[in-house]
Amino acid sequence: MTLRHITDRAGEWLRGEGPRSDVVISSRVRLARNLAGYPFVSKAGRRQQFEVLERCREQVVSKRLADEVIWVDLSDSPAMDRQLLVERHLISRQHAAGENKTPRAVAIGSDETWAVMVNEEDHMRLQVLRSGMQLGDAYAQAQRIDDVLEEKLDFSFSRRFGYLTACPTNVGTGLRVSVMMHLPGLVISREIEKVKRAARDMHLAVRGLFGEGSEHLGDLFQVSNQTTLGKAEEEILSEFEHTVVPNIIEYENQARQALARQRSALLDDKIWRAWGVLTHARALATDELLQMLSHVRLGVNLGRLTEIDIRTVNELFLLSQPAHLQAVLQEDLDPAARRVARADLVRRKLGGH
Amino acid sequence: MKKKCDQCDRPATHHAIEIVAGEKIETHLCDYHAAESGLSVKAGHTPINQLLTNFVKVHSGAQKQEDQETSEDACEDCGTTFAAFRESSLLGCPTCYTTFDERLSPLIARAHEGARRHVGKAPRRAGVGHRRQLQLTRMRRRLDEAVQAEDYELAARLRDDIGQLEQETA
């Protein structure tokens, strides 16, 4: 199994299935862990970094975790492969870039529901992904993997501060819970800033599709906890499952209903205009495509657009990203050629003209 | 018709009407200028590390500390100084949590809604004790120094000792 095998599929988090998938695209749980007896990554010497990498590899590439685990050495992999992994949310942009040539890698369960980044900011960052609102399942799997790993690895832990992490903002549980939500209703009705402010008051972070600085892309927002100390894992999780996510879903649905009731023509215009662009454009930039896809996705979810299914829309969110586009077409393209190829791909998938 | 921002050509998204001395003053601003004028909070564009760095700077009395900063401030295990932490928001090793306890714990409490203690999961296995962890960290550092100084005899000895210590704890 190699990296190439996973590019033809849409990946777990974009399957577009699972509970509440009209609003919740995916659920993600991340645990930060560091090996005891070593400095954190940024202060470890080269030899120690290699040692940490090897120790983690021995445990992570293990039959106890999955039948098949893909181990990608990021230090000597092509930039395109790394970009591909970023687009699939299997590694962070930071991990792809790799400051100071730190030896680093990612292990990926072959079903792509989990990945372990080694030597990112912390020695290990385990993440589990699920489509739709499935935080409980994701967390349960993360716990299982963590338990298996800690049978053989000693993690840096203090009774007072919990799991010790390089950045004290992650200390304690090391748990980051994120939910990716599609909120076009709140964006169109300009209520999104209110929701963001409310989220911040609750000590939550709101970021875009690819983290900081991508807030405007496709009306997709990742909501995650900032507090990792002083709350048990179950408490953090339960706040998300029972308060945070249901509330945002409720706001979004209210916004969608209000638009449908009061500004029906405007709503239809946005949906059909987007459909028109996607089925006829001859060149599409990523940002524009994501925006159009967002409106089309809204149209499908409201039952106003029945030409395609939600799965195809979700697939396009991913396949039209630069690295995926080139992997699908199997050629290197400059940005201008990419825009043309992207429009071709979209028209083909949507049966356009 | 959509209003333009008072200060540029972008569409205005933030509108304010003030009544000053009986006179109505309207303000229309785009996201950017609204954030700049303080009419709205510009959301999420500051990288989290930067936020933390700023936060640390403000709350740790950066200036006062800078005057006092001496080599004594460095973590004895990894050499990280508090100034370096302020810059990168990254600690160098587990011992840093103890070394900088006094200055760090108020920051940690502020970043975590006032919490000062972990209440969640703990590794099921007791694992190596704290002292053992420290010992290993230090020996590994000395090993690195020995290799760098090309003192291979010392390096070999340290490697054996580390191996033995690891065996004992496994």
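Modeller: **A close look at two helices**

In H12(A), the residues A:Pro322, A:Leu325 and A:Leu329 meet A:Arg338, A:Ala341, A:Arg342 and A:Leu345 of H13(A). Two residues are in contact here if their C-beta atoms, placed from the backbone, lie within 7 Å. Helices are DSSP runs of H or I with at least four residues, strands are runs of E with at least two, and both are numbered from the N terminus. The contact of H12(A) with H13(A) divides into five nonpolar residues, no polar ones and two charged ones. Ala, Val, Leu, Ile, Met, Phe, Trp, Tyr, Cys and Pro count as nonpolar, Asp, Glu, Lys and Arg as charged, and the others, Gly among them, as polar.

Before going on, please keep in mind that this is a predicted model: local features need pLDDT of at least 70, side-chain atom pairs count only at pLDDT 80 or more, and totals for chains, interfaces and linings use all residues. Residues are numbered from 1 along each chain as its sequence is written, while chains are lettered from A and ligands numbered from 1 in the order in which they are written.

Now the geometry. H12 covers residues 322–329 of chain A and H13 covers residues 335–350; their axes come within 11 Å and cross at roughly 70°. Axes are lines fitted to C-alpha atoms, for helices over the stretch in contact, with angles from 0 to 180 degrees between N-to-C directions. H12(A) and H13(A) are therefore roughly perpendicular to each other, a term for angles of 65 to 115 degrees.

A:Val346, also within the span of H13(A), belongs to a second, separate core of 21 residues that includes A:Ala274, A:Leu290 and A:Val296. A nonpolar core is a set of buried Ala, Val, Leu, Ile, Met, Phe, Trp, Tyr and Cys residues joined through C-beta atoms within 7 Å; buried means 20 or more other C-beta atoms within 10 Å, exposed 12 or fewer, and partly exposed in between.

The largest nonpolar core has 94 residues, and A:Met181 is one of those that touch the most other members. Helix H8 (residues 233–262) of chain A gives this core its largest share, eight residues. Leaving out residues up to four places away in sequence, A:Met181 touches A:Val23, A:Val24, A:Ile25, A:Phe221, A:Val223 and A:Ile248.

Stepping back, chain A has 13 helices and ten strands, and buried residues make up 51% of its 353 residues.

Definitions and conventions:
Angles under 35 degrees count as roughly parallel, over 145 as roughly antiparallel, 65 to 115 as roughly perpendicular and the rest as oblique.
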